[in-house]
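Good morning, and thank you for coming.

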Amino acid sequence: MPVYKKYVDMIVQYTEDGKIIPLAVRWAPGEIFEIDRVTDIRPCASLKAGGAGIRYTCEIKGREKYIWLEESRWFVEAKDHTINAG
Amino acid sequence: MEVVIIERVILHSDCNSFYASVECLHHPEIRNKPVAVGGDVEQRHGIILAKNQLAKKYNIKTGEALWQAKRKCPELVILPPNYHLYMRFSKLARQIYLDYTDQVEPFGLDECWLDVTGSAVRGDGLTIAKEISARIKYELGITVSIGVSWNKIFAKLGSDYKKPDAITEITRQNFKEIVWPLPAGDLLYVGYSTQRRLNSMGIHTVGQLANMPQNILHSNFGKWGDILFCFANGMDTTPVAKFDNSPTVKSIGNSTTAPRDLLNDEDVKIVLLVLADSVARRLREQGFKGRTVCISVRDNDLFCFTRQHTMKQYTNITSEIAKSGLQLFYKHYRWNKPIRSIGISVTDLVSDCVPAQTDLYCDERSRERKERLDAATDWLKSRFGTYAVQPAVLLADRRLSGFDPKKDHTIHPVGYF
């Protein structure tokens, strides 16, 4: 299935020591998914979506998902316009 | 006491087909097609700036016209340049280099020297090169070629030796096999004309250059002969500069390829005024004054020359820089051919707060008035944009004067020394 780069709305927490913790991601209007846990943060490129930035490995409803922070925007590797977070 | 001389460990990292690689990363759909980044044809900047590996197979060359490239490869994908993106990736790569040493010296956007002599805890040169190469690939999604050697010149030759995504180590043991058979033109600072002069002396390879008696090179090329002799023998000791976000400014200049050929003095006056205004404003903004004005002119046969003139006094006054540039031009151009591109730069810089020696025959009061005028127009331009206030002559041909070199100017060329 073709993968494309999808910019998403995010709810994030900026901590007092300057960390950024993603709390929830909005895949589509009305579909907000809470992020249960962030298990890894590292600089990384996404060859599939086409971009590079800080990659957050997030646990959403028991599944592992990657979300990238590219400069000031967030993107995910989305599969063919369908929502695949749950 | 025993003196131990520690051999330097220097890397030269070169991002492969930098602009094209960054574009391919961001456009997965064209990754397996021949891709080039090209300038704007409408603005007559229509040349190939970079190409990917697939485009290289079609013998597409950097600097050739887009139509020539299209003829060699009709399915070539040509993308407009996105300098903001390239600068971001350049910065990200430098951040990785800075994890290993503070001696990171950029050479353009896509190349850097690193002195990792003191980074032995991270491993030897080859180990560090492998780690950097893997990190760039993983974190940025592009590839680099790295040369490892004991001097900057051979490290650079090493990064050119094998591409893409390769590491070449040039040691005191193997440099005669690797470096010496290379054409002399591969050495830094051996350009087209130096190469021709070397060839006429029977020197075709780096090895032949290295084995030439130094005094013969000196008598032919002066101090450059000595430098080339050192380069070819691996005796270059130039240090890798410490990384500094604001490198020492040696000159400030702007140039442009005009949207149409310049046909007469009036056309040149319009373009030079726009360029001189940008240069003078950048000087003032960065707190410099300069004394030497240099112009470069390229005619529509692509023949290029430069001329320079040193003034009596340091200045950052727009009208003085423009006047000096125009005088140089009037003195040296005979209008045998129309002009394609023109540039002006100011060198020999000092801080603008250095006290100035005036002389008896110079109207210092009028210079102060000009400085106040410049300050006033700078303020207007910073509030309302570059076009808010202009000399009337610029309105004679808005197509020629309608560019903003100060805003559009992003990539700064660099020199080795």
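Two residues are in contact if their C-beta atoms, placed from the backbone, lie within 7 Å. By that rule, and leaving aside neighbours within four places in sequence, B:Ala232 is in contact with B:Leu187, B:Val206, B:Leu209 and B:Ala210.

A word on the source. This is a predicted model, in which local features need pLDDT of at least 70 and side-chain atom pairs count only at pLDDT 80 or more, while totals for chains, interfaces and linings use all residues. Residues are numbered from 1 along each chain as its sequence is written, and chains are lettered from A and ligands numbered from 1 in the order in which they are written.

I turn to the cores. A nonpolar core is a set of buried Ala, Val, Leu, Ile, Met, Phe, Trp, Tyr and Cys residues joined through C-beta atoms within 7 Å; buried means that 20 or more other C-beta atoms lie within 10 Å of the residue's own. The largest core has 66 residues, and B:Ala232 is among those with the most contacts inside it, as are B:Leu11 and B:Leu114. Helix α1 of chain B, residues 18-26, gives this core its largest share, six residues. Helices here are DSSP runs of H or I with at least four residues, strands are runs of E with at least two, and both are numbered from the N terminus. Domain 1 (7-173) and domain 2 (180-247) of chain B both contribute residues, so the core lies between them; these bounds come from an automatic or database domain assignment. Apart from it lies another core, of 27 residues, including B:Ile295 and B:Val346.

Next, chain A. Its seven strands form an open, antiparallel sheet in the order β3-β2-β1-β7-β6-β5-β4, where pairing requires at least two DSSP bridges between two strands. Strands β3 (31-34) and β4 (37-46) of chain A stand at the edges with a single partner strand each, so one side of each has no neighbour in the sheet.

How many bridges pair β4(A) with β5(A)? There are nine, in the antiparallel sense. Across this pair, A:Ala45 stands opposite A:Ala52 in β5(A). The hairpin has four residues between its strands, and A:Gly50 takes a positive phi near 90 degrees there. Three bridges join β6 (63-70) to β7 (73-79) of chain A, and A:Glu70 stands opposite A:Arg73.

Finally, helix α12 of chain B, residues 265-285, is mostly covered, with 15 of its 21 residues buried. Just after α12(B), B:Gly287 takes a positive phi of about 75 degrees.

Definitions and conventions:
Buried ≥ 20, exposed ≤ 12 C-beta atoms within 10 Å, placed from the backbone.
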